[in-house]
Amino acid sequence: MKRSSKFITVIAMFLLITSSIYVFANEIDEKKDSLKEAEQQKKVVESQLQNKQLEESEIIEKIEALEMDIIETENEITRLESQISETVEKIEVTQEDLVEAEETIGEKNDTLESRLDTMYRRGNIGYIEVLLGSGDFTELLTNMDMIRKIANQDVELIEELEEQRNLIASKKKLLEDQQAKLVTYQHDAKSQKEELQVSRGTQITLRREVQSTIGHMAEELTQMEQESQSLEAEIQRLQEEERARIEAERKRAEEAKRAEEQATKEQAAKEQAAKEQASQEQTGSTRWPVPGHTRISSPYGNRTHPVLGGTRFHSGIDIPAPSGTPVVAAASGRVIMSQYSGSYGNVVIVDHGAGISTLYAHNSRNQVSVGQQVQAGQTVALIGSTGMSTGPHLHFEVRQNGSTINPTNWLRN
Ligand SMILES: [Zn+2]
């Protein structure tokens, strides 16, 4: 009973320890899984961040290209501006030339008109005056011819001048056309520059957005790294705890085992002491049933039967002694039988408790009665040869729970 309860305690303790270790291991596994997951998430964010950084560098390149384009366009605008002002100057000069040419033409026209006036418009009076002014008719004719010649020269000159004026005018027209084109170019360049500036603005905004995203991602990554680190620390702490716990449980189990061994030893010692004490008590209390007659004529066990012949089992020991010799109780107890019984003859049985009883047979006379309390060494009967007997002797039996045991061994205890 004691042993089995101890066994159950050990089993329960074992289960408790293993289950707690199991729970503990589970927790660590969970943390490890979380760590793995966190690391994977971190990698995802890292690659996303790299993509964003790539995107940003692409945007930066675009912005730089746009700025180059803007500078080029600005240069173009400046160049066009100077071309325009040059053209404007040229136009002004041409304009002046034109005015001058027209003035010259006007002057020449006036001269021609006055000549022609002189020649024709004054009518006959004029001619008469010229003619009157002439010395003679020949001189008159000469004068008229001269005037005609000069007038013709004037006409030619005017024609020349007009041609020149037309050239100047067309040159001016050309310059004006050129200026108009330049202004258009410049206008285009300006709107291109504006577009480039808008693009640059868009890219700058985009870059700011990407930078903000990168900032958030970097922050997230830092948080993830911190989480990973704290998880790692947590796992290390749990593992350390687990190691400590296992070590403690091992020590506790060792101590329990030592204690159990100690208890077993003590128990064994106690049992041994009790046994020794019991055997001492028994030795102290058992008596040889026929004092002064120690020879055993027939031992316990198989033997050749002295009366019936053949091998028979002998249920006790035979101690020969003269008739009338006192037979004593081998131990103290209570008489449970005292009578004549067939082959046993006069027989006494004494109960000693704990399932042990002794039997005394072939008595010439029984000296106790049923229910009587007897002490070890007290006479219970006298030697005889009643029942199935070959001569005066005591047939002595010891029974344990009704079955015979070797009396010699019992008496020795
Ligand atoms: Zn016998």
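Which residue is the bridge partner of Gly333 in β9? The partner is Val374. The legends below describe this and other close-up views of a predicted model.

**Figure 1. Overview of the predicted chain.**
The protein chain has 413 residues, of which 14% are buried. Its secondary structure amounts to 4 helices and 12 strands. Of the contacts between residues at least 6 apart in sequence, 73% link residues at least 24 apart. The average pLDDT of the chain is 83, and 83% of the residues reach at least 70. Where pLDDT is low, the predicted coordinates should not be read in detail.

**Figure 2. Strand β5 and its partners β9 and β6.**
Strand β5 covers residues 333–341 and runs antiparallel to β9, residues 373–374, with 2 bridges between them. The pair Gly333 and Val374 belongs to this pairing of β5 with β9. β5 also runs antiparallel to β6, residues 345–353, and here 7 bridges join the strands. Arg334 has Asp351 as its bridge partner in β6. The hairpin of β5 and β6 has 3 residues between the strands, and Gly342 in this hairpin takes a positive phi near 40°.

**Figure 3. Ser343 in the loop between β5 and β6.**
Ser343 lies in the loop that connects β5 and β6. With 14 other C-beta atoms within 10 Å, Ser343 is partly exposed. Leaving aside residues up to four places away in sequence, Ser343 touches Gly387 and Met388. The C-alpha atom of Ser343 is separated by 8.0 Å from that of Thr386, a residue 43 places away along the chain.

**Figure 4. The largest nonpolar core.**
This core has 25 residues. Val327, Val347, Val348, Tyr360, Val380 and Leu394 are the members with the most contacts inside it. At least two core residues come from each of β3 (317–320), β6, β7 (356–363), β10 (379–382) and β11 (393–400). β6 gives the most, with 4 residues. Leu394 touches Pro289, Val290, Ile319, Ala321, Val327, Tyr360, His362 and Ile383, not counting residues up to four places away in sequence. Two of these contacts, Val327 and Tyr360, are also among the core residues with the most contacts.

β3 runs antiparallel to β11, joined to it by 4 bridges, and Ile317 has Phe396 as its bridge partner in β11. β7 also pairs with β11 in the antiparallel sense, over 6 bridges. In that pairing, Tyr360 stands opposite Phe396.

**Figure 5. The hairpin of β11 and β12.**
β12 spans residues 403–405 and pairs antiparallel with β11 over 3 bridges. Arg399 stands opposite Thr404 in β12. The hairpin has 2 residues between its strands, and Asn401 in the turn has a positive phi of about 50°.

**Figure 6. The open sheet of β4, β10 and β8.**
This sheet has 3 strands in the order β4-β10-β8, with antiparallel pairing. β4 (326–328) and β8 (365–366) are the edge strands; each has a single partner strand, so one side of each is left without a neighbour in the sheet. The antiparallel pairing of β4 and β10 runs over 3 bridges. Val328 has Thr379 as its bridge partner in β10.

**Figure 8**
Ala354 has a phi near 55°, a positive value in a residue other than glycine. Ala354 belongs to the loop between β6 and β7 and is exposed, with 8 other C-beta atoms within 10 Å. His362 also has a positive phi, near 70°, and is likewise not a glycine. His362 sits in strand β7 and is buried, with 26 other C-beta atoms within 10 Å. His362 is also one of the residues that Leu394 touches.

Note on methods:
Residues are numbered from 1 along each chain as its sequence is written. This is a predicted model: local features need pLDDT of at least 70, side-chain atom pairs count only at pLDDT 80 or more; totals for chains, interfaces and linings use all residues. Two strands pair if DSSP finds at least two bridges between them. A nonpolar core is a set of buried Ala, Val, Leu, Ile, Met, Phe, Trp, Tyr and Cys residues joined through C-beta atoms within 7 Å. A residue is buried if 20 or more other C-beta atoms lie within 10 Å of its own, exposed if 12 or fewer, and partly exposed in between; C-beta atoms are placed from the backbone. Two residues are in contact if their C-beta atoms, placed from the backbone, lie within 7 Å. pLDDT is the predictor's confidence in each residue, from 0 to 100.
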